[in-house]
Amino acid sequence: MENDDLKKYINKCNHNLEPSLPILYEAGFFLIYVKFEVYLSNVFENYCVGIKSDKGYCPQRKLAFTDKEHLRAVLKGDKQYVEYIKKIESLSKHIFVDNPFNIIFDVADNLTIMNQMMALRNYIAHESGESRLKYIRTCLGNGRFLEPSEYLIKKNKRTSKSNYTIFIEKIIELSDIILDVPLA
């Protein structure tokens, strides 16, 4: 369990970006974020069944699932699909003694960026009225509507980095952190 594949994928997507084609930033972000969701799901499942990261870390569990099938049966309940990000956020504190996912959902800056990325991803994927409103509220601060590609290439005044760069750097940072023993 490592994040090398995720980082290679990010590099591949970033290599294909073209400033004259802003829509590529939207597509790149969407693809990378989906890979990140899959990555988090895999790490979560592995930790839930006691599989260590390549760095030798596996959080102590309060609940010991026998295998991934057992875990998935509990997560799914009577539904066909597991929304892993929501399940990780709501259940990980009940599964692990020292929850490795706290860094994502209990640190305000990280949670803010995760919420922005989820809202942006959902708007790109669905373009529904509800997802548009959440995107405007979460990413644009109820301001003037920007297409996702415009929003992603826009520079953040606080950091002087594009929103795309901020999101991708945060994905890499979080993917690294959850593989290692948390600092006390």
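Predicted model: local features only at pLDDT ≥ 70, side-chain atom pairs only at ≥ 80, totals over all residues.
**How the helices pack**

Two packed helices are described by the angle between their axes and the distance between the axes. Here is that pair of values for each packing, with the helices named by number.

| Helix pair | Axis distance | Crossing angle |
|---|---|---|
| H2 and H6 | within 10 Å | roughly 120° |
| H2 and H4 | 10 Å | about 25° |
| H6 and H9 | within 11 Å | roughly 120° |

Let's start with H2, residues 23-48, and H6, residues 108-126. Their axes cross at roughly 120°, which makes H2 oblique to H6. The crossing is left-handed. On the H2 side, the residues in touch are Glu26, Phe29, Phe30, Tyr33, Val34, Phe36, Glu37 and Leu40, and on the H6 side they are Met114, Met117, Met118, Leu120, Arg121, Ile124 and Ala125. By class, that contact holds twelve nonpolar residues, three charged ones and no polar ones.

H2 also packs on H4, at an angle of about 25°. Why does H2 count as roughly parallel to H4? Angles under 35 degrees go into that class, and the value for this pair is about 25°, so H2 is roughly parallel to H4. H2 passes H4 in a left-handed crossing, too. From H2 the contact takes Tyr33, Glu37, Leu40, Ser41, Phe44, Glu45 and Cys48, while H4 brings Tyr84, Ile85, Ile88, Ser92 and Ile95. Eight of the residues in the contact of H2 with H4 are nonpolar, two are polar and two are charged. Tyr33, Glu37 and Leu40 turn up in the contact with H6 and in the contact with H4.

Next come H6 and H9, with axes that cross at roughly 120°; the two helices are therefore oblique to each other. Once again the crossing is left-handed. Asn110, Ile113, Met114, Gln116, Met117 and Leu120 of H6 meet Ile166, Phe167, Lys170, Ile171 and Leu174 of H9. The class count for the contact of H6 with H9 is eight nonpolar, two polar and one charged. Met114, Met117 and Leu120 of H6 touch H9, and these residues are also listed in the contact with H2.

**The pockets**

Now for the open space. The largest pocket has a volume of about 670 Å³ and a lining of 26 residues. Which residues lie nearest the centre of the largest pocket? They are Glu37, Glu83, Ile85, Lys86 and Asn122. Helices that supply at least two lining residues each are H2, H3 (68-76), H4 (84-95), H6 and H7 (129-138). H6 has the largest share, with six residues.

In the lining of the second largest pocket, seven residues are nonpolar, five are polar and nine are charged.

Notes: Residues numbered from 1 in each chain as written. Heavy atoms only, no water. Axes fitted to C-alpha atoms, helices over the stretch in contact; angles between N-to-C directions. Helix = DSSP H or I, 4+ residues; strand = E, 2+ residues; numbered from the N terminus. Parallel < 35°, antiparallel > 145°, perpendicular 65-115°, else oblique. Left-handed = near helix turned anticlockwise from the far one by under 90°. Contact = heavy atoms within 4.5 Å. Nonpolar A, V, L, I, M, F, W, Y, C, P; charged D, E, K, R; others polar. 1 Å grid on protein atoms, 1.4 Å probe; cavity = no way out; pocket = protein on both sides within 12 Å on 5 of 7 lines; lining within 4 Å. Points joined across faces, edges and corners; volume = space filled by probe spheres on them.
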